[in-house]
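Student: Please take a close look at the aromatic pairs of this model. Which rings pair, and how are they arranged?

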Amino acid sequence: NAIGQRFNMGSNGPTTVKEISNLILEAARKSGQIEPENNDTARRFGERYEDIEHRVPNVDKAVDVLGWKVNIPLRDGIKSFVDWARDNPWWLARERS
């Protein structure tokens with residue numbers, strides 16, 4: 001039973017924040033590239049904080065409980081979302097709590 005549960009959804013492979021940022025720029029038809037900035041995270045957040053270079057969501061629970069699988073490439077999914085957001089400006093303008 002999936003009611004009330006939370007699930008990770010995402011691509012099967014590692015993706016850097018830079019890659020996702022540049023895919024968003026591409027989908028939004030904005031020129032330029034995002035370049036990484038070297039931040040001293042240990043100094044800002046303490047020695048226990050560990051920054052990561054990429055994310056890979058664990059979608060095992062979604063696969064097991066929902067029978068879910070990736071069927072839209074990341075680039076296409078980001079483009080679809082950007083197009084939806086462009087067509088639905090109320091969503092971006094809403095107040096957030």
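Tutor: A residue is called buried under 20% relative accessible area, exposed over 50%, and partly exposed in between (1.4 Å probe, protein chains only). The model is predicted, so local features need pLDDT of at least 70 and side-chain atom pairs count only at pLDDT 80 or more, whereas totals for chains, interfaces and linings use all residues. Residues are numbered from 1 along each chain as its sequence is written, and side-chain values use heavy atoms, with hydrogens and water left out.

Rings of Phe, Tyr and Trp (its six-membered ring) pair if their centres lie within 6.5 Å; planes under 30 degrees apart are stacked, over 60 edge-to-face, and the rest tilted. Phe81 and Trp84 form a stacked pair, because their ring planes meet at 25° with the centres 6.1 Å apart. These two residues are three positions apart in helix H4 (residues 74-87), and therefore about one helical turn separates them; helices are DSSP runs (H or I, at least four residues) numbered from the N terminus. Phe81 is partly exposed at 41% relative accessible area, and Trp84 is likewise partly exposed, at 34%. Trp84 also pairs with Trp90, here edge-to-face, with 80° between the planes and 6.1 Å from centre to centre. Trp90 has a relative accessible area of 53% and is therefore exposed. Ring pairs join Phe81, Trp84, Trp90 and Trp91 into a cluster.
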